[in-house]
Amino acid sequence: MTSIAPVRVEAPVVPAGPAPVKQPSKGRKGLVMTLVLAVTAIFWISPLALLVITAVRPLADFIGNGPLSWPDTFTWTNFKDAWGIGNFATTYRNSALLALLKVPLGVAISAMLGYALAKLRMKFRRTVMFTVFLGLTIPIYIAIVPVFIMMRSAGATDSLFGLIGPYLAFGIPFEVLVLQSFFRQIPDEIIEAAKVDGAGDWRIFFTIILPLSTPALVTVAILDAVATWNEFLFALILLNSDANKTIPVGLLNFQGQFANNNTGLAAGILIAVVPILIAYTLLQRWIVGGLTAGSLKG
């Protein structure tokens, strides 16, 4: 019996291609970008840091060593004095009450109007949309006198409830712009399927649209709350008594009394902005996520 010799199989020779191009190192570029961002962050945070340092130092130390020096001692007396001068116990309550009343109402109206403009077939939709967005082009300064005359005729001056109307009028256009842009990204197939199952427009809006739009709704609510908390001009013109003043108007109490007391004034400003800083720190992911969520849906 003859044996069969094993066959030796050789791998085919593949011609060597060109050597891979070595990518340039990104370490140096990343380091430079990090340094640039760090310097920019320090530049932007420096006013807040200077405000905090000024608020916790004695006035004599501020005058003797200058505003840019590190304090020799720290004190909380400035905050106690500023709390009384600024009447923050009253202004905090008024600003919080105004935000709790206005923000949910404004977001609800804007959500319904934004959904109607984005998804419902209705007559004169473009005209309504143009009219609403026209409010974004009207400066608040040219509307002060007409609004004051209307509010005085209605007997709504010097009242927190009287501020809700002007706040809604100037806040709704931006909120509708954000929400209707988000609603447009929701697939029409979802709404059509709900209609086939017998759901009406209101049921679709409350059970489908609102749950899907939580990021955008939270973002709009946060931005509206910050704008309401910081609003100054309407509150200054329409509110007269100390019992109804909001925080921005209450800061005017420091004028004259703290003309040379820079540390007390810094403490008052810090008391006024602390809620806004906390809100942005804790909810910034909602703000960024809500503003970009609509662009990521397809």
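Beyond its neighbours within four places in sequence, T246 is in contact (heavy atoms within 4.5 Å) with T91, S95, L98, L160, E231, A235 and L239. The model is predicted, with local features needing pLDDT of at least 70 and side-chain atom pairs counting only at pLDDT 80 or more, while totals for chains, interfaces and linings use all residues. Residues are numbered from 1 along each chain as its sequence is written, and side-chain values use heavy atoms, leaving out hydrogens and water. T246 sits in the loop between α11 (233-238) and α12 (247-250), and counts as buried at 3% relative accessibility (buried meaning under 20% relative accessible area, 1.4 Å probe, protein chains only).

Turning to the helices (DSSP runs of H or I, at least four residues, numbered from the N terminus), α9 (residues 201-212) packs against α10 (residues 214-230) at an angle of about 70°, their axes 5 Å apart. The two are therefore roughly perpendicular (65 to 115 degrees), with axes as lines fitted to C-alpha atoms over the stretch in contact and angles running from 0 to 180 degrees between N-to-C directions. Here L210, P211 and L212 of α9 meet T214, P215 and L217 of α10.

As for pockets (open sets of points on a 1 Å grid over the protein atoms alone, where a 1.4 Å probe fits, with protein on both sides within 12 Å along at least five of seven lines; lining residues have an atom within 4 Å of a point), the lining of the largest draws its largest share, 6 residues, from α7.

How values were computed. Buried means under 20% relative accessible area, exposed over 50%, partly exposed in between (1.4 Å probe, protein chains only). Angles under 35 degrees count as roughly parallel, over 145 as roughly antiparallel, 65 to 115 as roughly perpendicular and the rest as oblique.
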